[in-house]
Amino acid sequence: LGGENLRMQVEVAVDGRTAGADKLGECPLWDELTRTLWWVDSRGPAVKRLDPASGAITTLALPEPVGSIAFREHGGLLAATKLGIHFLDPVSGRLDPAARPEQSLPDNRFNDGRCDRAGRFWAGTMSDVKREPTGSLYRLDTNLTCTALRNAITIPNSLAWSPDGRTMYFADTMRHTIWAWDYDLATGAATRERVFADTGAGRPDGSCVDAEGCLWNAEYGGGRLVRYTPAA
């Protein structure tokens, strides 16, 4: 673990006790161009945006559960939802299918997702009915080819990459484990899977990587944020 000498200051971005609070908030993303914070209310279901300057929150209701979003280079969003990965118009809320790899699994939905540094979108699926390992981890390439890397997943989370893009992280929350892969940014190939961290009693949820290459992980059921060094 790292960060023993860090001076931490935690601030509330959005008060979850207020009216219109999230049923299940996920996937916070900072938009550097508009200087706004985006996230999803998976069970709302909705995509939300906070303008920190004014405190105003914009809510875009969606017709189905949404697990994660990603920004598109020329505007708009990708949204990983109940039925698949979609192009999302953030003004009208229109969803246009990009990939639907699990049409034969009606109980599944997409959960955590994130883009790598070459613009590929990675997202995992899970059963929305039972805590059983029926989910998979998918890579959506820029040509919209959708490829499965891993299956037998219960709750996919913690997708993140090292600053140089050469290491990919991923977790199955129910297995209390964060994995790492060697990552080829040119091809999107993930190889040499190994255990990066055993979270013990806590269950790994969302993650991000800081400028020093350390992985920050929010532990569901553990009530804490943990900072792992790349050498963990």
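Visitor: Hi! Is Arg194 buried, partly exposed or exposed?
Guide: Bear in mind that this is a predicted model. Arg194 has a relative accessibility of 25%. Buried means under 20% and exposed means over 50%, so Arg194 counts as partly exposed.

Visitor: Which residue does the side chain of Arg194 meet in a salt bridge?
Guide: Side chains of opposite charge can pair when their charged atoms come close. Here the N to O distance is 2.9 Å. Arg194 lies in strand β16, and its partner sits 12 residues apart from it, in strand β15. That partner is Asp182.

Visitor: And where is Arg109, which pairs with Asp128?
Guide: The closest N and O atoms of Asp128 and Arg109 are 2.9 Å apart. The pair links distant parts of the chain, with Asp128 in the loop between β10 and β11. Arg109 is in strand β9.

Visitor: Arg224 and Glu219 also meet in a salt bridge. Is Glu219 buried or exposed?
Guide: Arg224 is partly exposed at 43% relative accessibility. Glu219 has a relative accessibility of 6%. Buried means under 20%, so Glu219 counts as buried.

Visitor: How many salt bridges does the structure hold?
Guide: Some residues are linked in a network of salt bridges: Asp116, Arg120, Arg139 and Asp141. For the structure, the count of salt bridges is 14.

Visitor: Last one: is Leu77 buried or exposed?
Guide: Leu77 is part of strand β6. Residues it touches include Trp38, Val47, Phe71 and Leu88. Its relative accessibility is 2%, so Leu77 counts as buried.

Key
Residues numbered from 1 in each chain as written. Predicted model: local features only at pLDDT ≥ 70, side-chain atom pairs only at ≥ 80, totals over all residues. Heavy atoms only, no water. Helix = DSSP H or I, 4+ residues; strand = E, 2+ residues; numbered from the N terminus. Buried < 20%, exposed > 50% of the residue type's maximum accessible area, 1.4 Å probe, protein only. Contact = heavy atoms within 4.5 Å. Salt bridge = Lys/Arg side-chain N within 4 Å of Asp/Glu carboxyl O. Lists of a residue's contacts leave out its neighbours within four places in sequence.
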